[in-house]
Amino acid sequence: MAMMDELVQQIATRTGLPQDKAMQAAQTAIEFLDSRLPAPVGGNLKRLTEGGGAGGGGLPDMGDVAGKLGGMFGR
């Protein structure tokens with residue numbers, strides 16, 4: 001499952017929001033974090049969650065960082 005899909009599912013399950021509202025919440029959270037986290041994470045979260053993946057377009061290997069960020073969302 002793609003990271004964004006998993007995040008949306010977690011939000012929907014934990015809050016009881018419908019999928020469309022959970023998607024809006026996830027996008028808002030990603031945009032907020034993306035703009036405030038230090039490099040190399042900040043500025044790349046959106047690409048990671050949309051399936052850009054680590055290494056794409058010159059991104060550093062962020063698998064470990066992305067996994068740790070999952071902890072912020074209760075994973």
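## Core and helix contact

Reader: Which residues make up the largest nonpolar core?

Author: In this predicted model, the largest nonpolar core has 11 residues: Met4, Leu7, Val8, Ile11, Ala12, Ala22, Ala26, Ile30, Leu33, Val41 and Leu45.

Reader: Which helix gives the most to this core?

Author: H1, with five residues. H1 and H2 each supply at least two residues of the core.

Reader: Why would such side chains sit together?

Author: In soluble globular proteins, nonpolar side chains tend to be buried together.

Reader: How do the axes of H1 and H2 cross?

Author: H1 covers residues 3-15 and H2 residues 19-36; their axes come within 8 Å and cross at roughly 115°. The crossing of H1 past H2 is right-handed.

Reader: Which residues meet there?

Author: From H1, Met4, Leu7, Val8, Gln9, Ile11 and Ala12. From H2, Gln19, Ala22, Met23, Ala25, Ala26, Gln27 and Ile30.

Reader: And how many of those are nonpolar, polar or charged?

Author: The contact of H1 with H2 has 10 nonpolar residues, three polar and no charged.

Reader: What does Ala22 touch, leaving out residues up to four places away in sequence?

Author: Ala22 touches Val8, Ile11, Ala12 and Leu17.

Reader: Change of topic. How many helices and strands are in the chain?

Author: Four helices and zero strands, so the pattern along the sequence reads α-α-α-α.

Reader: How much of the chain counts as buried?

Author: 28% of its 75 residues. The accessible surface comes to about 4,700 Å², and 55% of that belongs to carbon and sulfur atoms.

Notes:
Residues numbered from 1 in each chain as written. Predicted model: local features only at pLDDT ≥ 70, side-chain atom pairs only at ≥ 80, totals over all residues. Heavy atoms only, no water. Axes fitted to C-alpha atoms, helices over the stretch in contact; angles between N-to-C directions. Left-handed = near helix turned anticlockwise from the far one by under 90°. Contact = heavy atoms within 4.5 Å. Nonpolar A, V, L, I, M, F, W, Y, C, P; charged D, E, K, R; others polar. Core = buried A, V, L, I, M, F, W, Y, C linked by side-chain atoms within 4.5 Å. Buried < 20%, exposed > 50% of the residue type's maximum accessible area, 1.4 Å probe, protein only. Areas by Shrake-Rupley, 256 points an atom, 1.4 Å probe, with all protein chains shown as cover.
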